[in-house]
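I opened my notebook to get to know a new structure. Here is what I looked up, one entry at a time.

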Amino acid sequence: MGSEGPKKITIHVTGFKKFQGVPINPTEIIVNNLRDYVEKKGFPAGVTLGSCTILEVAGDDALPQLYQTMESVVSKTDTESNANLVWLHLGVNSGAARFAIERLAANEATFRCSDELGWQPQQVPIVLEDGGISRTRETSLPVDAILKFLKKGKDYDVMISNDAGRFVCNYVYYHSLRFAEQKGNKSLFVHVPLFSRIDEETQMRFTSSLLEAIASAC
């Protein structure tokens with residue numbers, strides 16, 4: 001009898017547009033170019049790259065786009081496929097010098113500046129029915145295994161973070177983790193630096209390796 005081979009998973013990826021202080025968002029470029037990059041390199045075994053979506057850097061007013069993207073995918077898949085579906089969200093941390101795998105999101109929106117649609121909440125629960133702002137949700141993906149994969153032989157400067165901030169990245173991640181739990185999917189958020197800290201080619205290579213790392217951990 002032969003081995004079953006790698007588990008088949010579909011990874012849907014999102015990035016963000018520009019926002020205050022970040023006129024060029026690296027995640028917009030990464031996500032827009034990811035399919036061509038991975039096709040040239042060759043997809044990791046068992047991985048299908050699903051939708052690649054660019055989100056507005058906004059809270060409540062951008063939720064319809066996020067949920068429309070997620071609902072449209074889930075409605076087309078069966079229960080077994082849902083279990084093998086991963087949401088990968090990329091966001092930029094303009095003050096960072098390395099990649100950060102976010103373990104959890106907090107049920108708190110405290111925006112340091114207005115989002116791109118003019119909203120600036122302070123200490124507001126993201127989902128009221130989830131309780132207060134101290135509530136957190138954690139990814140079901142094994143972040144330690146993903147980190148180990150990315151460090152072993154890849155030499156990426158990457159860490160695990162337990163604080164995704166309280167801006168739009170955390171806001172989107174919290175909603176995605178909640179949605180994934182309800183639908184039987186998995187969700188992960190990864191912060192990347194500006195291209196001035198880690199160049200575009202390295203970030204493209206990292207993201208491609210990240211797809212492979214997620215697949216190996218599922």
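**Entry 1: T202**

I began with T202, which is buried, with a relative accessible area of 17%. I use "buried" for under 20% relative accessible area, "exposed" for over 50% and "partly exposed" for anything in between, with a 1.4 Å probe and protein chains only. T202 lies in helix α6 (residues 200-217). Helices are DSSP runs of H or I with at least four residues, strands are runs of E with at least two, and both are numbered from the N terminus. I also found a polar contact of 2.9 Å between the side chains of T202 and D199. Such a contact is a pair of N or O atoms within 3.5 Å; within protein, one must be able to donate a hydrogen and the other to accept it, and residues adjacent in sequence count only if both atoms are side-chain atoms.

**Entry 2: where the numbers come from**

I noted that this is a predicted model, in which local features need pLDDT of at least 70 and side-chain atom pairs count only at pLDDT 80 or more, while totals for chains, interfaces and linings use all residues. Residues are numbered from 1 along each chain as its sequence is written, and side-chain values use heavy atoms, leaving out hydrogens and water.

**Entry 3: the sheet**

Next I traced an open sheet of six strands, in the order β2-β1-β3-β8-β4-β7, with mixed pairing. Two strands pair if DSSP finds at least two bridges between them. At the edges I found β2 (47-55) and β7 (158-161), each pairing on one side only. Neighbouring strands of this sheet are turned by 25° against each other on average, direction ignored.

I then went through some of the pairs. β1 and β3 run parallel and are joined by five bridges; here I11 stands opposite V86 in β3. β3 and β8 also run parallel, with seven bridges, and L90 stands opposite V190 in β8. β4 (residues 99-102) and β8 (residues 186-192) are antiparallel over three bridges, and E102 has F189 of β8 as its bridge partner.

**Entry 4: strand β3**

Is β3 enclosed or open? Eight of the eight residues of β3 are buried, so this strand is largely enclosed by the rest of the structure. I saw L85, W87, H89 and G91 point one way, and V86, L88, L90 and V92 the other way.

**Entry 5: helices on the sheet**

Helix α5 (residues 168-183) packs on the sheet, touching β1 (9-16), β2, β3 (85-92), β4 and β8, and its direction makes about 165° with that of β8. Contact means heavy atoms within 4.5 Å. Angles run from 0 to 180 degrees between N-to-C directions, using axes fitted to C-alpha atoms, for helices over the stretch in contact. Helix α6 lies across β1, β2, β3, β4, β7 and β8, running at about 150° to β3.

In α5 I stopped at C169, which is buried, with a relative accessible area of 12%. Leaving aside neighbours within four places in sequence, C169 is in contact with F16, G91, A164, F189 and H191.

**Entry 6: helix α2**

Which residues of α2 are buried? I listed L63, L66, T69, M70, V73 and V74. They cover an arc of only 140° around the axis, which puts them on the same side of α2; the arc is that of the directions from the helix axis to the C-beta atoms. The face turned away from this buried side carries the exposed residues P64 and Q68.
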